[in-house]
Amino acid sequence: MLSLIFKNFIRSKGTKIGLLFLLCIGFISLLIGKQFQDKQIHTIEQARVYQKEHIARNAAFHKDEIGLLLYYIKFSLVNKTLPINSLAIGQRDVNPSIQNVTIRGLEGQKYDAELNNPNNLLAGNIDFSFVLIYLFPLLIIAFSYNLISEEKESGTWKIVATQSQNTFFYILKLFYVRILSLIALLSILLFIAVLFLNIPFDTSLFVFYGLGILYILFWFAVCFFIVSLQKHSNFNAVILLTIWLFLIIIVPAGINAYIVTKYKVPEALELTLKQRNAYHEKWDTDKNETMEKFYKHYPQFRTYKIPADKEFTWLWYYAMQQMGDDESAVQSRELESKLQQRNLASQSIAQFIPTLHTQLQLNEIAHADLGNQLLFLKETSKFHEKLRLYFYPKIFDNAPVNAENWEKFKVETFSDNTKISFAKAFVPLLLFNLLLIGFGWFNFTRKTV
Amino acid sequence: MNILHSELLIAKHLRHSVFKNTAVFIITLFIGILLLYATFSGWENYKSQNETSEKYQHESREDWLKNPDKNPHRMAHYGNFAFRKSTPLSVFEFGMEPFFGNAIFLEAHKQNTANFSEAGFSNSMLRFGEISIALVLQVLLPLLIFFLGFNSIAYERENGTLKILLTQGINWKQLLIGKTLGIASVIMMLFVPAIVILIFVWLLLQDFSITADQTFKMILFVLFHLVYLLFFCVIAVLVSAISKTSKKALITLIGIWLLFTIILPRTTQAIGAYIYEAPSKIQFTSDIEKDILKQGDSHNPNDPHYKAIKDSLLSAYKVDSVQKLPFNYSGFIMTEGEKISSRIYNEHLAELLQVYKKQNSFSKTVSFLNPYIAMKNLSMGLSNTDYESYVDFQQQAEDYRYMMAQKMNALQIKYISNKKPSAGDKPYSISKEHWADVEDFHYEPKKIGTVLENEIISIISIFLWITLLFILIRIAAQKLKAI
């Protein structure tokens with residue numbers, strides 16, 4: 001019986017076209033992922049070469065004044081890109097994966113944007129997560145909207161009903177065949193991805209796969225529930241497409257609008273203005289006042305004094321730069337906490353919207369979500385502080401430039417060690433699936449088919 | 001009136017049957033609510049975006065003017081900001097706005113990126129889309145039209161009532177036009193009130209003092225959306241007429257809708273981006289740096305380019321050192337440096353924008369096949385939220401930056417002494433009155449003429465589609481059969 005059902009399903013022209021289409025576009029998504037990966041690797045490689053050349057050139061040039069040299073040179077910090085990121089590009093196209101900073105004021109450099117074609121951003125990537133989240137459900141709907149209803153409309157249902165002992169079992173088998181074929185498709189695509197994109201077999205991949213399967217099951221559960229209402233095919237099609245539209249566009253967009261208005265971030269602009277003024281006004285205020293503030297922040301540098309007979313010293317200059325950061329620290333913290341709130345709010349609301357939940361989880365696994373970006377920004381601050389603490393005494397002592405081994409300043413890498421929580425990833429989808437299947441079951445048993 | 005008598009009758013009949021269907025009634029009501037919500041959130045967005053940008057533009061200007069007497073070069077480093085402002089129509093069409101950086105810091109020697117885009121501060125939620133009037137008009141209403149229209153003729157065929165209609169002296173053309181009008185009249189019940197509210201909000205936003213340019217853009221916005229919706233009505237009726245069953249009609253229409261609004265826009269842009277790869281930021285900046293170094297380094301006293309300038313100045317003024325020149329030498333050199341670095345930057349930027357343009361060319365061309373893309377591009381152009389507007393904003397900011405830097409250099413050449421102050425002396429400075437000479441940054445959105453010029457492909461595409469549908473109605477009216 002099952003093999004007949006399977007033959008019947010797979011022989012239909014629509015099925016073949018649908019599966020082939022999804023396989024093709026899935027493969028295209030992997031190509032796009034590959035290009036993204038290559039570009040990331042290439043960019044990081046370039047950053048390495050660039051930093052080496054850049055530092056060597058400047059060190060040869062400004063060899064008498066280490067203070068002046070450090071005014072110019074930039075150090076890079078890379079946000080590590082996981083191979084699995086190619087499957088869910090997430091926010092990594094909007095946010096830069098490399099930070100380039102000098103040891104001057106950080107707040108003016110930290111939020112520098114990536115170069116982007118806004119048209120690409122608006123259209124969105126065709127990465128694997130898009131195929132999974134947008135397109136798989138469409139095929140699932142196309143495969144299941146007319147189960148039973150079609151047979152009822154064409155009059156063949158009565159024959160089926162009289163020929164099988166249990167019609168409910170028959171319906172389950174119809175779903176079983178479809179579920180199996182789509183999960184097979186997902187597995188094939190992921191398997192190709194693993195080979196093609198060098199994705200390691202680890203927890204991340206496992207959770208990714210698990211989420212994919214649960215997400216596919218979620219849509220089958222939705223279809224199962226709608227089919228259980230036993231309405232006309234046309235009604236099913238309209239209602240399923242409307243559900244899809246809601247979960248894919250309207251609800252996420254609505255929630256986004258809510259979050260954006262609830263957690264506004266005027267601090268961003270406030271911060272840039274503040275750090276500019278805080279630094280620049282120090283040129284025209286009492287030097288000793290500035291120095292006093294600086295010593296308060298770094299008591300260990302109190303021994304360095306500015307000479308009374310010199311108008312300009314690097315000690316004073318970097319103290320002024322430091323004030324740009326110190327005096328805008330309030331705004332900086334506020335901005336960070338607002339963004340943190342945005343992230344938490346969207347994650348907790350997303351638990352109730354399976355599409356959104358899946359997308360956010362996939363991005364989190366791929367280290368391409370807002371949470372990762374915030375951690376990267378934090379790490380950038382640490383990286384910057386480390387450089388400052390290293391170079392400050394050298395600058396204040398006016399240490400000779402060629403006494404420093406500049407070769408040792410390589411591009412550094414930040415890896416996000418956030419643990420993946422199975423419960424957080426799987427439970428919301430599982431609950432939705434059980435709920436929908438339960439209701440569907442109830443409907444089927446209530447109305448004998 | 002008499003001429004269209006039968007058509008109107010058919011239309012009226014369709015409208016009645018539509019509202020007997022509660023599901024449709026609920027969906028229509030719901031879209032109505034969504035329209036209101038979209039207006040509200042668009043309004044809110046626009047207000048906060050413009051208030052913030054105005055507030056900080058003003059504040060940054062005050063800060064600039066408040067600076068005490070100082071060396072003009074320090075003012076050039078103090079810099080200015082360009083904050084992006086939205087136009088009133090962007091309340092209805094957000095376009096690419098969430099992906100645009102909202103502030104550019106403008107300083108000497110350096111072209112900074114436009115920072116703080118909404119997208120950068122968002123979790124990937126934003127990437128699902130945004131609720132705007134444009135989304136409702138361009139994406140949701142066409143789907144509603146298809147839901148209303150798939151039955152229009154196919155159901156009559158299934159029922160056998162089609163034969164009766166046709167034997168009663170109604171011809172195919174009347175039937176097609178009548179059904180189209182019927183669907184259109186239902187849609188107008190949403191569209192007309194929406195437009196009325198829209199115009200009211202739009203007037204309110206500008207305190208009822210509107211410019212001819214904005215008015216013209218608004219009129220075109222409304223008209224093109226009207227045409228766009230009508231033409232989905234025609235497609236719905238035509239597909240319904242050629243389909244054997246209403247189910248087939250529905251599936252075909254859903255397929256068309258998915259292709260037009262979801263699949264094609266993303267795919268075509270992705271193809272463009274895949275084929276024409278844009279350089280990364282690090283490559284872009286390091287290329288610029290290399291080219292500037294090739295030209296000469298103004299900080300290197302032995303650089304041939306700058307040495308030649310120095311020598312020619314010395315001989316022209318018949319002096320033996322730059323300190324004896326009658327104007328500030330380092331100001332002069334910085335003017336030259338700024339000129340060179342800006343030229344090189346602009347050349348590289350032009351190359352980059354050329355790559356972006358090529359990326360976008362695919363989806364632009366596809367607008368001939370896809371009315372949704374044509375409409376989207378046009379409405380983004382009118383609301384100043386399209387790609388061109390962004391490039392335009394950055395260009396205006398860069399022009400301003402260059403002007404500011406060179407003005408400060410000119411002040412330095414003119415007023416700052418050529419002798420280096422000795423160690424204990426106060427640094428040279430000029431009066432703060434000069435700061436007001438640099439005008440505030442003012443962003444000027446594109447005028448309607450430029451918009452129409454940029455979007456000529458979209459306009460041609462929409463007109464071609466209209467012609468095509470007229471032709472199709474004609475052909476259909478002759479070839480269609482009742483069974």
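Predicted model: local features only at pLDDT ≥ 70, side-chain atom pairs only at ≥ 80, totals over all residues.
## Helix 11 of chain B

Let's start with one helix. Helix 11 of chain B covers residues 304–316, 13 residues in all. From its first C-alpha to its last it reaches 18 Å, close to the 18 Å expected at 1.5 Å a residue. What follows helix 11 of chain B? That helix is followed by B:Lys318, whose phi is positive, near 50 degrees.

Chain B averages a pLDDT of 89, and 98% of the residues score at least 70.

Which elements of chain B have the lowest and the highest mean pLDDT? The lowest value, 84, belongs to helix 1 (residues 5–20) of chain B, while helix 13 (residues 371–382) of chain B has the highest, 95.

## Where the two chains meet

The contact between the chains takes 70 residues from chain A and 68 residues from chain B. On the side of chain B that touches chain A, several elements supply at least two residues each, including helix 2 (22–66), strand 2 (103–107), strand 3 (110–115), helix 12 (329–366) and helix 14 (387–415) of chain B. The largest share of that side, 14 residues, comes from helix 9 of chain B.

What classes of residue make up the side of chain B that touches chain A? By class, this side has 34 nonpolar, 22 polar and 12 charged residues.

In soluble globular proteins, nonpolar side chains tend to be buried together. Here the largest nonpolar core has 202 residues, and those with the most contacts inside it are A:Cys223, B:Ile145, B:Ile183, B:Ile187, B:Cys233 and B:Ala236. Helix 9 (residues 203–228) of chain A gives the largest share of this core, 17 residues. The core lies between domain 1 (128–257 + 424–446) and domain 2 (263–350) of chain A, because both domains give residues to it. The C-alpha centres of these two domains of chain A lie 53 Å apart.

Now for a look at one residue of this core. Not counting residues up to four places away in sequence, B:Ile145 touches B:Ile183, B:Ile187, B:Leu229, B:Phe232, B:Cys233 and B:Ala236.

## Two loop residues in chain A

Next come two residues on either side of helix 9 of chain A. A:Asn198 lies in the loop between helix 8 (167–196) and helix 9 of chain A. Although A:Asn198 is not a glycine, its phi is positive, about 55 degrees. Is A:Asn198 buried or exposed? With 12 other C-beta atoms within 10 Å, A:Asn198 is exposed.

A:Gln230 lies in the loop between helix 9 and helix 10 (233–262) of chain A. A:Gln230 is not a glycine either, yet it has a positive phi of about 55 degrees. A:Gln230 has 15 other C-beta atoms within 10 Å and is partly exposed.

## A buried serine in chain B

B:Ser389 lies in helix 14 of chain B. Why does B:Ser389 count as buried? B:Ser389 counts as buried because it has 28 C-beta neighbours inside 10 Å, and 20 or more are enough for that.

Leaving aside neighbours within four places in sequence, B:Ser389 is in contact with B:Asn384, B:Pro445 and B:Lys446. B:Ser389 and B:His442 are 53 residues apart in sequence, and their C-alpha atoms are 14 Å apart in space.

Definitions and conventions: Residues numbered from 1 in each chain as written. Chains lettered and ligands numbered in written order. Contact = placed C-beta atoms within 7 Å. Helix = DSSP H or I, 4+ residues; strand = E, 2+ residues; numbered from the N terminus. Nonpolar A, V, L, I, M, F, W, Y, C, P; charged D, E, K, R; others polar. Domains from an automatic or database assignment. Core = buried A, V, L, I, M, F, W, Y, C linked by C-beta atoms within 7 Å. Expected span 1.5 Å × (residues − 1). pLDDT = per-residue confidence, 0-100.
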